[in-house]
Amino acid sequence: MTTDPRTLADRLLSRDRDAVAEALNLTDDQRPERQAAALKLLDILEREAPFPGAARIGITGAPGAGKSTLLDALVRELRPRGETVAIVAVDPSSQRTGGALLGDRIRLRSGSSDPGVFIRSMAARDRLGGLSDATHAGVTILALVFDRVFIETVGVGQSEADVSRLVDTLVFVANPGTGDVLQFMKAGLLELPDIFLVNKADAGPIAERTVSELESGLSLGERSDAAWTPPVLLTSARDGSGVHQFVEALDAHRRHLQNDDRISQRRGEAARALVIGALQRRYGSFGLQQLGGLASLRSRLAEDPTPSAFTRIARLGAEIEEALRKSD
Ligand SMILES: Nc1nc2c(ncn2[C@@H]2O[C@H](COP(=O)(O)OP(=O)(O)OP(=O)(O)O)[C@@H](O)[C@H]2O)c(=O)[nH]1
Ligand SMILES: [Mg+2]
């Protein structure tokens, strides 16, 4: 099958839902000629996408915290408002079927024929808990066609930082009474999320205790965005309480980012971190040394902000490979 990247890009840019599956298949395809077409497609999409476009939201938290159940509740809150929703569920290992199960659950409730909901499960291929480039591609494609794009990832330390580079708003879902909040704080990750949810509010006082733990933890730390105080909300994905307030908090954070154009800054920083992360993952620190090291790479990325992240990763990767070949 031949796919012309320009034609496919135009269909996505005009929000043609039928083009989504074709685009995702293209970016998943490992054959070299298809990879080249996929890169061209993603490059066009990243450069021509309306700004700021869809809201990109990451949902992270320990296994079993209720992330998928919350997404299910969110879909039922957002669809009656006429909003379309795409969900990327990142499976930490290909054996797991969490994403597929989530898909079945939501499809079951909201009707399999609802074209306003799209769910895709993706393997975290590159390494355990990490996000693959396919996730980056998926978000770029889905953000053109749907109003909100959610990424569900299991929090295992590094994955919070990875997902924060792909989203505008990061949500941490705490499981009350399990100690995961304490672990999260110890790992120094409290500064990343923009919204905290303590789910399973129906479990009673233990959930309120977790709220206080988080609030006191948050009062100690400094945040990179001093103008935003992350709310700590109680939700029950099971009975739906707090879900409406959660959506309000998501909207408030989006408005906050659009004030003073913080969103451009955030996306710019995220894109640079994404490029560095991808190169590090692929070539290691020895590879980065071929480009003069991290500091030099950072300043190069800051100087010339024009190419898409995808193009940069490809070009800098080729440069590293060339340098490695020469030093052989
Ligand atoms: N009591 C109660 N149980 C909940 C709530 N939300 C989710 N659960 C239950 O918690 C379990 C895990 O829920 P999931 O939504 O699959 O959790 P998850 O965070 O997506 O889990 P992974 O994808 O495995 O990381 C399920 O049995 C849910 O029914 C809640 O608000 N209250
Ligand atoms: Mg899940």
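This short talk covers the backbone and the aromatic rings of one structure.

The model is predicted, so local features need pLDDT of at least 70 and side-chain atom pairs count only at pLDDT 80 or more, while totals for chains, interfaces and linings use all residues. Residues are numbered from 1 along each chain as its sequence is written, chains are lettered from A and ligands numbered from 1 in the order written, and side-chain values use heavy atoms, without hydrogens and water.

Backbone to begin with. Most residues other than glycine have a negative phi, and most peptide bonds are trans. Arg15, not a glycine, has a positive phi of about 60°. Its place is the loop between α1 (5-13) and α2 (18-28); helices (H or I, at least four residues) and strands (E, at least two) are DSSP runs, numbered from the N terminus. Asp260 also has a positive phi, about 55°, and is found in the loop between α10 (243-258) and α11 (262-289). The peptide bond from Phe51 to Pro52 is cis, with omega near 0°.

Now the rings. How many aromatic pairs does a search of the whole structure find? Three, where rings of Phe, Tyr and Trp (its six-membered ring) pair if their centres lie within 6.5 Å; planes under 30 degrees apart are stacked, over 60 edge-to-face, the rest tilted. Phe118 and Phe146 make a tilted pair, 5.9 Å centre to centre with 40° between the planes. Phe118 lies in strand β3 (residues 117-123) and Phe146 in the loop between α6 (133-145) and β4 (148-154), so this pair ties together parts 28 residues apart in sequence. Phe172 and Phe184 are stacked, at 3.8 Å and 20°. Phe172, Phe184 and Phe196 form one aromatic cluster.
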